[in-house]
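Please keep the sequence and the coordinates in view while reading.

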Amino acid sequence: QTLSSADVSTRGGGGYRQVQGTLAEGSIDFTMIYAPGDALFDTLEQAFEDRSLVHMAFADDEIVAASLPTGETTRYFEAEFAVLDFSIEQPLEDAMKVNVTLQSGFSNNVPAWKTVAGSG
């Protein structure tokens, strides 16, 4: 996650440009195997073609509380995403891959970091 910035420089800044962090960028880039027929592949491809949003959550571990041991927690980022890139790579000596860029989109569901506590 990165922040956009605004220039807040003043004459009292000793000759240095000064910035202030502003809006967070809810952008995620990843590469996946080209796999038509796979549910995630098809969902992302359709959202890209339709210019529609897709609801997704990204975590380092299980998001389901029952799957985590009691006392452990997982943080995850959840949002409605616009699929801004769905470009296909066709290397000669490797599997075909798709470069995907997701950006938090305009929705009533505000992008947010959430935490789930284990109950398993």
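The model is predicted.

## Salt bridges

A search of the whole structure finds three salt bridges. In one of them R17 pairs with D7, with the closest N and O atoms 2.4 Å apart. This pair links distant parts of the chain, since R17 sits in the loop between β1 (2-7) and β2 (19-25) while D7 belongs to strand β1, ten residues apart. R17 is exposed, because its relative accessible area is 66%, whereas D7, with 45%, is partly exposed.

E78 forms a salt bridge with K114, and here the closest N and O atoms are 2.7 Å apart.

## A buried glutamate without a salt bridge

E80 lies in strand β5, and it is buried yet has no salt bridge. The nearest side chain of opposite charge is that of K114, 9.0 Å away, whereas a salt bridge would need a nitrogen of Lys or Arg within 4 Å of a carboxyl oxygen.

What does the side chain of E80 make a polar contact with? The partner is the side chain of N109, at 3.0 Å. Leaving aside neighbours within four places in sequence, the residues in contact with E80 are L53, V54, H55, Q103, S104, G105, S107 and N109.

V100 lies in strand β6 (residues 97-104) and is buried, because its relative accessible area is 2%. Its contacts, leaving aside neighbours within four places in sequence, include I28, F30, M32, L44, V83 and F86, and also D29 and D85. V100 and I28 are 72 residues apart in sequence, and their C-alpha atoms are 8.1 Å apart in space.

T101 is found in strand β6 too and is buried, with a relative accessible area of 17%. Not counting residues up to four places away in sequence, T101 touches S27, I28, D29, A82, V83, L84 and D85. The side chain of T101 makes a polar contact of 2.6 Å with the side chain of D29, a residue found in strand β3 (residues 27-33). D29 itself counts as exposed, because its relative accessibility is 55%, and its contacts beyond four places in sequence are V100 and T101. D29 and L84 are 55 residues apart in sequence and 9.8 Å apart from C-alpha to C-alpha.

## A nonpolar surface patch

Which residues make the nonpolar surface patch of about 230 Å²? The patch is made by Y34, I88 and M96. I88 lies in strand β5 (residues 73-89), and at 38% relative accessibility this residue counts as partly exposed. Nonpolar patches are made of residues with over 30% relative accessible area, a cut-off that I88 passes at 38%.

How values were computed:
Residues are numbered from 1 along each chain as its sequence is written. This is a predicted model: local features need pLDDT of at least 70, side-chain atom pairs count only at pLDDT 80 or more; totals for chains, interfaces and linings use all residues. Side-chain values use heavy atoms; hydrogens and water are left out. Patches are made of residues with over 30% relative accessible area and no salt bridge: like charges are joined within 9 Å, nonpolar side chains (Val, Leu, Ile, Met, Phe, Trp, Tyr) within 5 Å. Accessible areas come from the Shrake-Rupley method with a 1.4 Å probe; for residues, only the protein chains shown count as cover. Helices (H or I, at least four residues) and strands (E, at least two) are DSSP runs, numbered from the N terminus. Buried means under 20% relative accessible area, exposed over 50%, partly exposed in between (1.4 Å probe, protein chains only). Lys and Arg count as positive and Asp and Glu as negative; His and the chain ends are not counted. A polar contact is a pair of N or O atoms within 3.5 Å; within protein, one must be able to donate a hydrogen and the other to accept it, and residues adjacent in sequence count only if both atoms are side-chain atoms. Contact means heavy atoms within 4.5 Å.
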